[in-house]
Amino acid sequence: PGLSSTEYLSGGSWTAGPTMQAAHAYHTATILPNGNLMVAGGDTTSGYSGSTTTEELIVDWTVSTNTWVNGSWQKDYSDLTANAQGGLNTARSSHTATLLPTGWVLIAGGHSGGAPVDSMELISYAPYGTWEKAADDTATSGRWVHTTTLLPNGKVLTFGGKDTSTIDQPTLYTPSTDSWDNSITTNAPAARDWHASTLLPTGKVLISGGNANSSSPQASNSCSLFDWKTSTWSTADSMGGDRAQHTATLSRFDVDTNGDLDADEDRVLVVGGVLSGTTLDTCELYDPYTDTWTTTTSFPVGTYQHNASIVWKDWSNPADGILEPTVLISGGNTSINNTGTQKMYWLDPFTLGWSEVGATLLAKRYFHAQATLPDGRILIAGGKYAGGGTNGYDTVEIFDPATETIEGPVNTGD
């Protein structure tokens, strides 16, 4: 099963957070506008067939009063007056959760009971207890391991994934009309799953890598750009290497080595992934202004199924107290044999060198969910650990980048 444990990092140290009611893997974690955290769906057994309807929320969350409560909203769209304790209307894992400008969370697709899920759900955080059935995306019979990206105009771009095979159909969801636009197919990328989708400072969306064939997975290095202003696709520069199940994170790096992080130094950092049964340690930087990829410092170990977040740390001059953004990589699979890790690494945005974080996770985990709390700390929830199969967590951890010490249970080592 997945893990139900959570951890949080505070002051550069890890602290064990409240245990969730059930173990989760392949789930989502969404920070709501009121600062609460919603964990939705996920797998409580092995593989993708044990999807659960469990949805949990940290309410009025503080360090001293960490508590999880089950979601409470209407599961029957025909009766919006009776609040029923429960979770998602349709069990699902490997889905996506997108926070909309309206405050609603769009739950899209996923996998359940050995089949893709074609239904969509909307959940409102205020007033808490509101559930609505969203219009279904009729372009496919369901999709999972796809991506959804919130665009500057409030629409949601959905791309790729798989049902019985990889999908090449992109769609646009418009929250104000609760409708899907399936017409944005001209020059769209080839079918793929386990790819990455990144919103760029130019307003375009970068689709990178992924598997081009579900039955015989073959990672790709191809990339595409979606322009939300014109709803058109174009081919982007290809990465230097094929990869799938990687992370692609937008941050700022001192690529001109002038000692400053300038506005024109926004780059997408791609880390790791898998290719033909081998984990990758290679990393690349994408320049959204010139549409070019460059190779950068390799990750310390081959990894995939890891997570990436932006954290703030005083890199350039620890004495001045000025914080700079950097990419934090947590957990992941370091081999195809489900070897999870407790280690975390971050990239110095000035030297572009990786270093191991002083604190390690309290548990080895991959396929976990990760979210940035309003105060800058990183919350990591659930996931799977070494050995695969039915192994999973209900634990939570929280990481504070300010210090690098560990609190909580004794680590089991790496």
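My entries follow, starting with the ground rules.

**Ground rules.** I am working from a predicted model, where local features need pLDDT of at least 70, side-chain atom pairs count only at pLDDT 80 or more, and totals for chains, interfaces and linings use all residues. Residues are numbered from 1 along each chain as its sequence is written, and side-chain values use heavy atoms, with hydrogens and water left out.

**Salt bridges.** I searched the whole structure and got 8 salt bridges (a side-chain nitrogen of Lys or Arg within 4 Å of a carboxyl oxygen of Asp or Glu). D137 and R143 make one of them, at 3.3 Å from N to O. I checked burial too (buried is under 20% relative accessible area, exposed over 50%, partly exposed in between, with a 1.4 Å probe and protein chains only). D137 is buried at 4%, and R143 is buried at 3%.

Next I looked at E284 and R243, whose closest N and O atoms are 3.1 Å apart in a salt bridge. This pair links distant parts of the chain, 41 residues apart, with E284 in strand β25 (residues 283-287). Strands here are DSSP runs of E, at least two residues, numbered from the N terminus. Both E284 and R243 are buried.

R267 and D287 form another salt bridge, 3.2 Å from N to O. They sit 20 residues apart, R267 in strand β22 (residues 266-271) and D287 in β25. R267 and D287 are both buried.

**Rings.** I found 11 aromatic pairs in the whole structure (Phe, Tyr and Trp rings, the six-membered one for Trp, with centres within 6.5 Å; planes under 30 degrees apart are stacked, over 60 edge-to-face, the rest tilted). F159 and W233 have ring centres 5.7 Å apart and planes at 50°, so I logged the pair as tilted. F159 is in β14 and W233 in β20, 74 residues apart. Both F159 and W233 are buried. Ring pairs also join Y26, W194, Y366 and F367 into a cluster.

**Sheet.** I traced an open sheet of 4 strands, ordered β27-β28-β29-β30 with antiparallel pairing (two strands pair if DSSP finds at least two bridges between them). β27 (307-313) and β30 (354-356) are the edges, each with a single partner strand, so one side of each has no neighbour in the sheet. β27 pairs with β28 (residues 324-330) over 7 bridges, and V311 has T326 as its bridge partner in β28.

**Cysteines.** My disulfide search came back with 0 (a pair of cysteine sulfur atoms within 2.5 Å). C223 is buried at 2% relative accessibility, and C283 is buried at 1%.
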